[in-house]
Amino acid sequence: MKIKAFKNELSGHIQVPGSKSHTIRALILASLAEGTSHISNPLPSADCLSTSKAIPLIGAELENDLATMENDKVWTVKGAGNKVHLPTNVIDVGNSGSLLYFLSPIAATFEGWSIFTGDESIRKRPVAHVVDVLNQLGAEARISQPGATTCPMLIKGPIDCKAKVDTDGAVSSQYISGLMMSAIRMNGTLKIELSDPKETPYLTMTQKWLEHVGVNCRISDDFKHIEVDGPVNLKAFDTTIPSDWEAVAFPLMAGLITDSKITIDNIDIGGTQGDDAIVDIFRSVGGDITVDKDKKFLVVCGGKRLTTENLPGKELHVKISGFPDAICAIAATACFIEGTTVIEDAEVCRRKETDRIKVLKSELEKLGGNVEEGPDYMIIHGHSPIKADGTKNPEFKMHGGEVDSYLDHRIAMSMACLGLGLADGETVTVKDAECCNVSFPHFFEVMNGIGANFKAL
């Protein structure tokens with residue numbers, strides 16, 4: 001499906017779905033618990049549905065009908081408890097890196113072979129680091145294709161925590177979270193040493209989840225030392241999934257670059273999602289954003305000139321490693337900010353659904369963006385559509401065109417929202433836009449509810 005975007009003003013209230021990161025953690029922990037857990041406000045995205053299909057393979061029961069889960073407000077999981085077992089089939093994670101990296105260390109705690117694979121995108125994402133840490137813990141893990149570094153991945157357990165894990169935390173936080181959850185099934189204390197921790201807010205999220213279900217977990221202030229005590233007999237729990245800041249980013253950017261006033265309701269003010277940093281980032285360049293922490297909503301007023309002129313060195317510097325999924329929204333918005341935006345410490349962004357640094361440079365340049373690329377950074381030289389005196393800025397060169405999503409949901413959403421801020425008569429067409437369902441089901445319909453007027457082609 002192609003989506004066409006063009007200039008529009010937004011108004012009204014919008015609510016984004018529940019957090020994907022929280023939903024997948026809740027499903028996996030509920031599947032390990034004894035008893036029946038209830039998960040309210042889950043995200044019915046493709047990745048979360050892939051997780052729902054996977055957990056019965058280790059003995060959990062999902063009481064919802066997979067065919068109707070998209071509309072269910074509460075998901076009910078009967079945990080496997082002490083009957084949890086080796087996966088009974090190949091685990092096909094679909095497009096979900098979270099599921100791949102979370103569940104594979106847990107599968108390694110069982111005696112016997114587990115096999116993990118996924119869609120074309122997943123089969124391009126690295127797993128050599130997972131193989132390495134599992135082998136450090138006594139597994140026989142390998143990649144099926146000689147010379148490859150990606151899935152399919154084969155794992156023979158069980159692992160134990162007699163050895164300390166040493167690994168490069170810069171690769172990803174997800175497999176570290178998977179190791180932390182796997183400690184629930186190990187005898188003793190799992191010790192993890194990270195040489196260069198990145199995406200650290202997600203490690204904090206995993207720690208809070210483990211503590212919530214009764215697991216003792218310790219993380220040093222610099223995130224280089226992690227300890228998790230096992231084994232733990234988890235008990236069922238009831239939880240409500242907070243809204244997803246990774247999804248908030250897109251209506252937020254759309255509101256800023258258009259002459260709009262929108263309210264984003266039911267935001268997560270718990271501080272467990274690093275992507276909430278995007279609010280202060282956009283405020284620093286003049287974004288008119290108000291957050292009501294008591295009533296849990298955010299108001300964004302657009303039509304204002306965004307500029308780096310009041311920042312040190314007159315540049316916006318964003319160290320993205322703690323919240324790499326925000327790179328798409330920030331890079332697209334930077335094209336509308338007067339001045340230079342430097343997105344740095346961004347190497348992890350090359351190992352997502354796509355090489356997002358490479359793809360963003362390619363697609364933004366198709367629309368008139370001025371983008372530089374380095375091994376672990378992006379530099380965007382942007383211009384506001386309006387000058388300081390409120391008149392039209394002739395230096396603003398962004399225009400319409402057709403862009404490729406590369407089947408990356410965040411690329412698709414950022415490019416569609418960018419189209420809303422262009423001049424009259426300019427349109428952006430996004431190819432394979434249905435991939436948004438990975439993290440934000442019905443994104444275009446939800447945005448059309450506040451006036452985006454996206455058109456399906």
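Colleague: At what angle do helix α1 and helix α2 pack?
Modeller: In this predicted model, α1 (residues 20-32) and α2 (residues 46-54) pack at about 5 degrees, and their axes are 10 Å apart. That makes α1 roughly parallel to α2, a term for angles under 35 degrees. Axes are lines fitted to C-alpha atoms, for helices over the stretch in contact, and angles run from 0 to 180 degrees between N-to-C directions.

Colleague: Which residues in α1 and α2 meet?
Modeller: From α1, Lys20, Thr23, Ile24, Leu27 and Ile28 meet Asp47, Cys48, Thr51 and Ser52 of α2. Contact here means heavy atoms within 4.5 Å.

Colleague: What should I know about the model and the numbering?
Modeller: Local features of this predicted model need pLDDT of at least 70, side-chain atom pairs count only at pLDDT 80 or more, and totals for chains, interfaces and linings use all residues. Residues are numbered from 1 along each chain as its sequence is written, and side-chain values use heavy atoms, without hydrogens or water.

Colleague: Turning to the open sheet, in what order do its four strands come?
Modeller: The order is β6-β7-β9-β8, with mixed pairing. At the edges are β6 (91-92) and β8 (140-143), each of which pairs on one side only. Strands pair if DSSP finds at least two bridges between them; helices (H or I, at least four residues) and strands (E, at least two) are DSSP runs, numbered from the N terminus.

Colleague: How many bridges join β7 to β9?
Modeller: Five bridges join β7 (residues 112-117) to β9 (residues 153-157), and the two strands run antiparallel. Trp113 has Lys156 in β9 as its bridge partner.

Colleague: And which strands does helix α3 touch?
Modeller: Helix α3 (residues 97-107) packs on the sheet against β6, β7 and β9, and its direction makes about 170 degrees with that of β7. Helix α4 (residues 128-136) also packs on the sheet, touching β8 and β9, at about 165 degrees to the direction of β8.

Colleague: New topic: is Ala329 buried or exposed?
Modeller: Ala329, in helix α9 (residues 327-334), counts as buried because its relative accessibility is 0%. Buried means under 20% relative accessible area (1.4 Å probe, protein chains only).

Colleague: What is Ala329 in contact with, apart from neighbours within four places in sequence?
Modeller: Its contacts are Ala249, Phe250, Met253, Ile278, Phe282 and Ser414. Ala329 also lies 8.6 Å from Met415, C-alpha to C-alpha, although the two are 86 residues apart in sequence.

Colleague: Finally, where does Gln207 lie?
Modeller: Gln207 belongs to helix α6 (residues 200-212) and is buried, with a relative accessible area of 15%. Beyond neighbours within four places in sequence, Gln207 contacts Met180, Cys217, Arg218 and Ile219.

Definitions and conventions. Buried means under 20% relative accessible area, exposed over 50%, partly exposed in between (1.4 Å probe, protein chains only). Angles under 35 degrees count as roughly parallel, over 145 as roughly antiparallel, 65 to 115 as roughly perpendicular and the rest as oblique.
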